[in-house]
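Take a slow look at the model below before you read on.

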Amino acid sequence: EIGLGIPADPLFRSSILWNLYSGSSNYVLRAPKGELLAYTHGQPSQSPVTYLLRLDWQDGDVNADQTVDVSDLQGVIYYTLNDQKVNGQMFNFTCADVNADEAINVLDVIGTVDHILAYEEPAAARASVVSGFAADNRNTLTDTGSAVTLTATDEVAAVQLFVSGAASGQMHVADDIKGRFSVAIRDVAGGVRILIYSLSGRTLTPGEHLLLSEMPAEAQVVSATLTDAQACRLPAAITSEPSAIDEQIVNSKSVNRKLFDLNGRRISEDWDLLPAGIYIIEMNGKQYKVKK
């Protein structure tokens with residue numbers, strides 16, 4: 001939102017956008033991008049001020065929250081399935097209509113996916129997502145070092161993950177997820193961005209779901225965004241735990257293995273003599289991240 005002579009107060013700017021939204025047909029924002037608009041603020045008896053403003057937005061920011069993520073995608077999917085937006089939520093029709101054909105359909109879903117995968121997320125925003133998620137473990141993503149599992153108490157319609165220390169070709173999405181959902185993966189700065197969503201309205205029901213069946217030992221789930229079918233973000237926590245192979249290492253000194261630190265340097269010491277920490281172990285031609 002770029003204003004010409006408009007006070008910098010973000011609440012005032014949000015008020016302008018909300019008034020434009022509320023006055024739009026069917027509560028769907030159809031404001032033109034980059035064109036000058038006039039907005040009058042104040043009652044006639046209070047010497048109202050008219051501002052000239054020009055609306056701008058990040059491509060893909062359908063819900064106008066100044067970020068581009070899976071909640072925008074789920075908003076477009078909901079509109080596609082129901083021919084209307086989610087009740088009570090902002091919906092920027094102009095932004096959602098990626099191919100500008102005055103209709104919201106599967107082509108716009110695909111276009112929104114591309115915008116999300118290409119979005120350059122500020123590091124500060126990513127950190128705030130992680131700290132916010134830590135406060136509520138209603139839906140828990142467990143990173144074992146070689147796989148990622150979602151234990152959900154909510155019905156989850158779409159998932160976005162950022163995995164550091166990995167490339168797209170190293171990520172293996174669980175067969176059940178690939179069979180029932182659409183999946184998009186792209187290399188981004190520092191790792192991989194993954195989207196899991198459904199064009200037909202399918203959801204992950206409450207319970208345990210394997211999302212990633214395999215990933216490199218040095219990979220780590222850094223942030224995650226979950227939404228319900230109405231494009232509302234769901235609280236979640238990201239946890240890590242050693243894989244089941246830890247018990248084999250701790251309880252057996254005879255296991256044929258190669259041991260490395262997180263920088264890939266070979267460790268010659270006996271497992272039992274190592275200090276507490278996280279290590280990489282190679283067994284049966286595969287690598288696992290383990291915690292001692």
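Predicted model: local features only at pLDDT ≥ 70, side-chain atom pairs only at ≥ 80, totals over all residues.

In strand β10, Gly-207 is the bridge partner of Ala-152. Residues are numbered from 1 along each chain as its sequence is written, and side-chain values use heavy atoms, with hydrogens and water left out.

Strands here are DSSP runs of E with at least two residues, helices are runs of H or I with at least four, and both are numbered from the N terminus. Two strands pair if DSSP finds at least two bridges between them. Strand β5 covers residues 148–152. With β10 (residues 207–214), β5 pairs in the antiparallel sense over five bridges. Strand β4 (residues 140–143) also runs antiparallel to β5, joined by four bridges. Here Leu-141 stands opposite Leu-150. β4 and β5 form a hairpin with four residues between them. In that turn, Gly-145 has a positive phi of about 100°.

Is β5 covered or open? It is mostly covered, with four of its five residues buried. Buried means under 20% relative accessible area, exposed means over 50%, and partly exposed lies in between (1.4 Å probe, protein chains only).

Now find helix α2, residues 70–82. Its 13 residues reach 18 Å from first C-alpha to last, close to the 18 Å expected at 1.5 Å a residue. That expected span is 1.5 Å times one less than the number of residues. Ten of the 13 residues are buried, among them Leu-73, Val-76 and Ile-77. Their cover includes α3 (93–96), α4 (106–118) and β6 (158–164).

Next, check some backbone angles. Most residues other than glycine have a negative phi, and most peptide bonds are trans. Just after α2, Asp-83 takes a positive phi of about 55°. Gln-66, in the loop between β3 (49–54) and α2, has a positive phi of about 70°. Gln-66 is exposed, with a relative accessible area of 69%. Glu-102 sits in the loop between α3 and α4. Its phi is positive too, about 65°, and Glu-102 is exposed at 57% relative accessibility.

Finally, step back. How many helices and strands does the protein chain have? There are seven helices and 17 strands. Of its 292 residues, 45% are buried.

How values were computed:
Contact = heavy atoms within 4.5 Å.
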